[in-house]
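Let's take a walk through a protein model together. Have a look at the picture first, and then we'll go through it piece by piece.

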Amino acid sequence: MKSVNKYFFKSKKIPIDKFISNALYDKNYGYYSKKIAFGKHGDFVTAPEISFLFSEIIALWVVSLWEHLNKPKILNIVELGPGSGRMNSVLIKVFKKFPIFFKSTNIFLYEKSKSLKKLQQNKLIDEKVKWIKNFNSIKSGPVIFLGNEFFDALPIKQFKKVNNIFYEKYVKLEKNSKIKTFLRKISLKTLKELKKFNLIKNQSFIEFPKQGLKELDLITSAIKRLNGGLLLIDYGFLKPKGSDTLQSIKNHKKNMLFDNVGDADITSLVNFNLLKTYFNKKNLKTNNIVTQEFFLKKIGIVDRAEMVSKKMSFQEKTKIYYMLQRLLSPKQMGELFKVIFTFKLKKKFSVGFI
Ligand code: SAH
């Protein structure tokens, strides 16, 4: 079988989100099933892979949320899409410095890829973590969901308006194994869904995270049942610019979307205003969306860097500050990455947001 054919299975025409889904998450041939995407030898680098300081700050934020809740005896923490498991291992290291807190925590990992789950199991072998498939298995205590670069890895749908008619973007496999896009008229049901989220007004190109919202349905219903919240950190924008934000990355370089299928990562920019509208519809409260720089600085990442680097050699110090710049500089991750916190809590929790 020609290599790209397997991402189409028997059907030769599929919507773009289905194609992305197959390319990234197919059990045998999907990108996340085949290789380790992260780090120097992978295709891209995420904040927890850049510096442990990032995960330390997230850990402190979780501990202060627990204090804000008057130190409940059970706190469920679910990491969404934990990748290499690096952030989780740092979270646990920090959590252990707060023994009463640590004793109260149930730590869960929510991971779709079997090979990444194995990697996480190896990294966290001695730790009290569990992998979770269904959030309904959490029976008591508030729940905090954490996701770094989780949402941007979920496939999106794309739509285009031509002569006032909306079409959905599909891909098809041609006889020569070339992948081509084409448009198909959308159903009334889909149009209604886009309208519900205020997406079509003055827009001729629309991106819609249908699968992502399905995941959020599960997450938000757990939050509503148990109380708690969801912290998402992702690459994205406040208002959509009406352009195609799908990007494919291989070896830290841009790749054409239909080249190296299954060997390159595919992500899209997250529409944070859409998330906010969605959470609003679910009757959850949401803090003001802030940038990664704002959030990390508010919780004290710069002081923390100073503290840990005090006893370091000049060379190590330089490395810490270089990595800190990558996380904070508006030209690097500081501004493009945004943070959103949605919650159902008795009292608003604004640490990191004001
Ligand atoms: N949080 C990590 C990895 C981000 S990559 C980091 O910052 O380094 C996205 C992660 O989400 C991967 O672990 C991927 O396998 C996982 N993932 C994607 N879709 C998922 C889904 N529907 N359910 C659970 N995990 C998913």
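This is a predicted model: local features need pLDDT of at least 70, side-chain atom pairs count only at pLDDT 80 or more; totals for chains, interfaces and linings use all residues.

Residues are numbered from 1 along each chain as its sequence is written, and side-chain values use heavy atoms, leaving out hydrogens and water.

Start at the ligand. Thr 46 has a polar side-chain atom 2.5 Å from a ligand oxygen atom, while a polar backbone atom of Gly 81 sits 2.8 Å from a ligand nitrogen atom. On its own the ligand has 570 Å² of accessible area (Shrake-Rupley method, 1.4 Å probe), and the protein covers 97% of that.

Next, find Glu 56 in helix α4, residues 52–68 (helices are DSSP runs of H or I, at least four residues; strands are runs of E, at least two). Is Glu 56 buried or exposed? Its relative accessible area is 10%, so Glu 56 is buried (under 20% is buried, over 50% exposed, partly exposed in between, with a 1.4 Å probe and protein chains only).

Finally, look at the open sheet, where 3 strands run in the order β12-β11-β13 with antiparallel pairing (pairing takes at least two DSSP bridges). The edge strands, β12 (253–255) and β13 (265–267), each pair on one side only. Between β11 (residues 247–250) and β13 there are 3 bridges, and Gln 247 has Thr 267 in β13 as its bridge partner.

Notes:
A polar contact is a pair of N or O atoms within 3.5 Å; within protein, one must be able to donate a hydrogen and the other to accept it, and residues adjacent in sequence count only if both atoms are side-chain atoms.
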